[in-house]
Each structure stands twice: as C-alpha cells, then as structure tokens.
Amino acid sequence: MTDRPRVYFSFQSPFSWMALRQLEERVPDFADRFEYVPFWDPDTRMRAALAERGADFHYTVMSKAKHLYILHDTKRLAAGLGYRLVWPVDVAPWWEPSALGWLRARELGCERRFYRVVTEARWHRGDNISDPQTLRAACDAAGLPGAELMAAADDDRIRELGLDALVRAHRDEVFGIPLFIVGRHRFWGVDRVAEVESAVRARSAAQPGGAADPSDRLPVAALATIGSFDHDEPGGCG
C-alpha cells in the first residue's frame with residue numbers, strides 16, 4: 001500500500017476538474033504530494049474484466065432530474081470561482097481514450113500536460129473527448145504525441161493498468177468523484193477542498209521529514225469501522 005495521499009479523479013466530472021484546479025492553485029506542490037488515480041465509467045470490455053477480478057463499479061448513473069440539477073449547480077460553482085465553463089454534450093460517451101491515454105501519458109512523463117489538454121478541451125471548449133480524433137488533435141496541438149496516447153484505449157497492456165486502477169477504486173470503495181484519501185481520512189466532493197487543504201498542510205507540518213503516517217499503510221476497508229459509506233443514493237458527484 002502506498003504511503004502517498006491519493007485522489008481519484010475523473011475527466012467526466014466537472015466537480016473533479018474544479019476541485020483539483022482549486023487545490024493545485026492553493027497548494028502549489030499538490031500534484032507532487034498526491035498520487036492521481038483515474039476513475040471512469042468503464043466500457044463493456046472493461047466491465048467484463050472487472051467482473052473477472054471480482055470487482056464491481058460502486059458509482060451509479062444519476063437520474064435525469066439530478067443531472068439537470070448538477071448542470072445548473074456546476075454553472076453556479078464555476079461562475080463563483082471565475083472559471084470559464086462550456087458544458088459539453090456527451091453523445092455515445094467512451095471514456096477509455098482519456099483515462100487510458102492519461103495512464104500512457106504518465107509512462108511518458110507528460111501526464112500533467114495531458115490532463116490540462118483534456119480538461120481544457122472538455123470544460124473550456126465543450127469538445128467531445130470521447131472521440132479519439134478530437135482528443136488526438138488537441139494533443140497534437142499541444143505538442144503531445146496524440147496518436148500514441150490515443151492508441152492506449154486499444155492497447156492490452158494499458159487496459160490492464162486501467163483495470164488495476166478500477167479494481168483499486170473498488171477496494172477503496174470509491175462511490176463518487178473526486179475522492180481524496182489522506183491517511184485514514186476520506187474527503188468526497190468539490191465542497192471538501194478546504195478540508196483537503198487543511199489535511200495536507202497538517203500532515204506536512206506534523207511530518208517535516210516526510211515520514212508517512214502509519215495509518216496510510218492500512219487498506220481503506222480496514223478502516224471501515226471508523227465510519228460508514230453511503231451507497232443508497234444513485235449518482236455521485238461526477
């Protein structure tokens with residue numbers, strides 16, 4: 001088990017985008033302190049692989065009414081933060097190109113640039129990031145190897161890495177995005193930004209030499225007695 005705090009993020013989620021943008025602005029080395037783990041609604045092939053590993057997908061698709069509320073809420077939040085937002089229309093969504101592309105970008109050492117390209121395409125311009133050609137063009141324009149990154153969606157080795165990430169999310173009982181895990185503490189949602197920042201700063205102040213909190217080594221499932229996880233509300237924030 002890694003000693004690093006981690007965040008489950010998703011290119012699908014406006015709340016993931018806004019929360020991470022705030023934290024990266026407020027804590028300049030946030031991306032260095034946290035392990036980023038992609039989370040997404042998997043395609044049929046990936047779901048079958050998840051089942052074979054004995055894992056499932058805690059996230060449940062939200063109702064139309066809740067989706068409409070989220071749309072308006074997201075616009076209010078973005079306006080309040082001064083963030084440019086163009087709401088994308090997802091037709092036949094397929095999230096593997098962005099999620100698996102990020103995993104390949106991490107191998108190449110350009111995952112932060114790739115993250116920025118994808119989030120700007122989706123939330124600043126409303127581009128369809130489910131379309132590999134659209135995403136490839138955005139990558140190419142930013143000087144990234146678009147063809148190689150988009151090939152990740154059909155690369156068995158990268159898909160296995162993606163499967164590992166989703167199995168890990170299952171074990172960490174990820175039910176909504178973004179989810180931050182700092183030691184034994186879990187923070188869900190864009191409205192927990194201040195608490196995450198406080199936890200990160202407190203951890204740093206308490207461990208000036210960088211030593212990890214022993215509780216970081218415990219699997220989340222082992223900490224379940226500390227509190228309960230809410231699984232009864234379909235549709236998380238993402």
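The model is predicted: local features need pLDDT of at least 70, side-chain atom pairs count only at pLDDT 80 or more, and totals for chains, interfaces and linings use all residues. Residues are numbered from 1 along each chain as its sequence is written, and side-chain values use heavy atoms, with hydrogens and water left out.

**Overall fold**

- The protein has 10 helices and 4 strands. Helices (H or I, at least four residues) and strands (E, at least two) are DSSP runs, numbered from the N terminus.
- Along the sequence the order is β-α-α-β-α-α-α-α-α-α-α-β-β-α.
- Of the 238 residues, 47% are buried. Buried means under 20% relative accessible area, exposed over 50%, and partly exposed in between (1.4 Å probe, protein chains only).
- The exposed surface comes to about 11400 Å², and carbon and sulfur atoms supply 52% of it. Areas come from the Shrake-Rupley method with a 1.4 Å probe; for residues, only the protein chains shown count as cover.
- Among contacts with a separation of 6 or more, 76% join residues 24 or more positions apart. Contact means heavy atoms within 4.5 Å.

**Helix pair H5 and H6**

- H5 (residues 96-108) packs on H6 (residues 111-124) at an angle of about 155°, with the axes 8 Å apart. Axes are lines fitted to C-alpha atoms, for helices over the stretch in contact; angles run from 0 to 180 degrees between N-to-C directions.
- H5 and H6 are therefore roughly antiparallel. Angles under 35 degrees count as roughly parallel, over 145 as roughly antiparallel, 65 to 115 as roughly perpendicular and the rest as oblique.
- H5 contributes Pro97, Ser98, Gly101, Trp102, Ala105 and Arg106 to the contact, and H6 contributes Glu111, Phe114, Tyr115 and Val118.
- These contact residues divide into 6 nonpolar, 2 polar and 2 charged. Ala, Val, Leu, Ile, Met, Phe, Trp, Tyr, Cys and Pro count as nonpolar, Asp, Glu, Lys and Arg as charged, and the others, Gly among them, as polar.

**Arg106**

- Arg106 sits in H5.
- Arg106 is partly exposed, at 37% relative accessible area.
- Leaving aside neighbours within four places in sequence, Arg106 is in contact with Tyr36 and Glu111.

**Helix H4**

- H4 (residues 64-81) has 18 residues and should span 26 Å at 1.5 Å a residue; its end C-alpha atoms are 26 Å apart, which agrees. The expected span is 1.5 Å times one less than the number of residues.
- Its buried residues are Ile70, Leu71, Asp73, Thr74 and Ala78.
- Those buried residues pack against helix H1 (14-26).
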